[in-house]
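Below, some of them are set against the values behind them.

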Amino acid sequence: MYHVISNPPREPGKCDKCGHDLVTRPDDLPATVQARLDKYTTATAPLIAYYEPKGILARVDGKRTPDQVFTEIHRVLQG
């Protein structure tokens, strides 16, 4: 897996292993990412202000490993 900034291929636009052209998926285009962030801001973020005062919002650090995130979500759901 490549990232244009943090993990670029040795030759721009080419796979290091096979030399084939790399493709940017439509869901990775800046406009698509911005649309997702806009949707979060308008539709999801307001839910925090609604549920947090009720004491029924659980926060899970999604930057950890998948196993750690799964374990934390499982712990939260078990109550």
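What follows is a set of questions and answers on a predicted model.

Q: What makes Tyr-50 and Tyr-51 an aromatic pair?
A: Their ring centres lie 4.8 Å apart, and rings pair if the centres are within 6.5 Å. The structure holds 1 aromatic pair.

Q: Why is the pair of Tyr-50 and Tyr-51 called edge-to-face?
A: The angle between the two planes is 90°. Planes over 60 degrees apart count as edge-to-face, so the label applies.

Q: Is Tyr-50 buried, partly exposed or exposed, and why?
A: Tyr-50 has 48% relative accessibility. Buried means under 20% and exposed over 50%, with partly exposed in between, so Tyr-50 counts as partly exposed. Tyr-51, at 33%, counts as partly exposed by that rule.

Q: How do you know that the span of helix H2 agrees with its number of residues?
A: Helix H2 covers residues 66-78, which is 13 residues. The expected span is 1.5 Å times one less than that number, which gives 18 Å, and the end C-alpha atoms are 18 Å apart, so the two agree. After H2 comes Gly-79, with a positive phi near 75°.

Q: Where is Leu-57, and why is it called partly exposed?
A: Leu-57 sits in the loop between helix H1 (30-51) and H2. Its relative accessibility is 34%, which falls between the 20% and 50% limits, so it counts as partly exposed.

Q: What makes Lys-14 partly exposed?
A: Lys-14, in the segment before H1, has a relative accessible area of 27%.

Q: Which classes of residue make up the lining of the largest pocket?
A: The lining has 11 nonpolar, 3 polar and 2 charged residues. The pocket holds about 590 Å³ of space. Of its 16 lining residues, Tyr-2, His-3, Val-4, Thr-24 and Asp-28 are the closest to its centre.

Definitions and conventions:
Residues numbered from 1 in each chain as written. Predicted model: local features only at pLDDT ≥ 70, side-chain atom pairs only at ≥ 80, totals over all residues. Heavy atoms only, no water. Phe/Tyr/Trp six-rings, centres within 6.5 Å; stacked < 30°, edge-to-face > 60°. Buried < 20%, exposed > 50% of the residue type's maximum accessible area, 1.4 Å probe, protein only. Helix = DSSP H or I, 4+ residues; strand = E, 2+ residues; numbered from the N terminus. 1 Å grid on protein atoms, 1.4 Å probe; cavity = no way out; pocket = protein on both sides within 12 Å on 5 of 7 lines; lining within 4 Å. Points joined across faces, edges and corners; volume = space filled by probe spheres on them. Nonpolar A, V, L, I, M, F, W, Y, C, P; charged D, E, K, R; others polar.
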